[in-house]
Amino acid sequence: LNTGAVAISSLISNTTGYIVACGILRVITTNSGTASSNDAIFGTEPDQTLGFAFSSTGPQSAAFNNDGSEDAIAGGTAPVIDQVMVFEWRHEGGNIYKRTNGGSWSGAVSSGNSTPLTGSFGVGYNGASVFTQLDFLEAVTFNAIPNDTLKDALVADMLAHYG
C-alpha cells in the first residue's frame, strides 16, 4: 500500500533518519540479490531510495539506502512468518544500520546522502512492483536520531502492545 500523500522528505532528511516499523509478515515471495527488489515492510516509491526488505532465502532481511547506488546491510535476526516483529532502519554519520526486535544492531555499512529523496513512504511496498503480504501495525519516523533509551522503549512498547 502506498500512502501516496506522505513524501519521505517530510519524515527524514537525506543525511539522517530513523524509522521503526512493526508488522506481521505473512509470506515472503522474493529472492533478489538487490535488497530494493524484495518484499519490504516499508520503502520509498517509485524511486526505491530506502527501506527494510526481506528475501525468501534464509529468509534474510536487509536495510538499504541509495546514495547514487544501493547500499544494504543484511544478516542479523531473520524475519519469522506470522509473528509480530519490529524492524529498525537508521541512517546517521554516513552509515546505515538495522535491528530486529530490539536485538543487537547489525554493523554499519557506509552510505552517503539518500538520493533521490523525492518519493513517497510506502507500506508493504518499496517501489519495485513487489507488494508484501503482511499485517502492518505501526511505524514511527524521526529526522534526528533519538537516544538509545527512546529507541529501546519504542521497540518494547510495540512488542508488548501487539505481541
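**Close-up 1. Aromatic pairs in the predicted model.** In this predicted model, the count of aromatic pairs comes to 6. For Phe52 and Phe54 the ring centres lie 5.7 Å apart and the planes stand at 45°, so this pair is classed as tilted. Phe52 and Phe54 are both buried, and together with Phe87 these two residues form one aromatic cluster. For Tyr125 and Phe131, by contrast, the planes meet at 10° with the ring centres 4.5 Å apart, and the pair is therefore classed as stacked, planes under 30 degrees apart being the criterion.

**Close-up 2. The charged end of Arg90 and the rings of Tyr97 and Trp105.** The charged end of Arg90 sits over the ring of Tyr97, at 3.9 Å from the ring centre. The charged end of Arg90 also sits over the ring of Trp105, where the corresponding distance to the ring centre is 4.4 Å.

Close-up 3. Five strands, in the order β9-β8-β7-β2-β11, make up an open sheet with antiparallel pairing. The edges of this sheet are formed by β9 (109–110) and β11 (133–142), each of which pairs on one side only. Strands of a sheet pair through backbone hydrogen bonds, in either a parallel or an antiparallel manner. Within the sheet, strand β7 (residues 84–92) and strand β8 (residues 95–100) run antiparallel and are joined by 6 bridges, and Glu88 has Arg99 in β8 as its bridge partner. Helix α1, which spans residues 148–162, lies across β2, β7, β8 and β11, and runs at about 160° to β7.

**Close-up 4. The surroundings of Asn38.** Asn38 belongs to the loop between β2 (17–27) and β3 (39–45), and its relative accessibility of 4% is why this loop residue counts as buried. A polar atom of the Asn38 side chain lies 2.8 Å from the backbone nitrogen of Ser32. When residues up to four places away in sequence are left out, Asn38 touches Thr30, Asn31, Ser32, Ala53, Phe54, Ser55, Asn126 and Val130.

Conventions. Residues are numbered from 1 along each chain as its sequence is written. This is a predicted model: local features need pLDDT of at least 70, side-chain atom pairs count only at pLDDT 80 or more; totals for chains, interfaces and linings use all residues. Side-chain values use heavy atoms; hydrogens and water are left out. Helices (H or I, at least four residues) and strands (E, at least two) are DSSP runs, numbered from the N terminus. Buried means under 20% relative accessible area, exposed over 50%, partly exposed in between (1.4 Å probe, protein chains only). A polar contact is a pair of N or O atoms within 3.5 Å; within protein, one must be able to donate a hydrogen and the other to accept it, and residues adjacent in sequence count only if both atoms are side-chain atoms. Contact means heavy atoms within 4.5 Å. Two strands pair if DSSP finds at least two bridges between them. Axes are lines fitted to C-alpha atoms, for helices over the stretch in contact, and angles run from 0 to 180 degrees between N-to-C directions. Rings of Phe, Tyr and Trp (its six-membered ring) pair if their centres lie within 6.5 Å; planes under 30 degrees apart count as stacked, over 60 as edge-to-face and the rest as tilted. A charge sits over a ring if NZ of Lys or CZ of Arg is within 6 Å of the ring centre and within 35 degrees of the ring normal.
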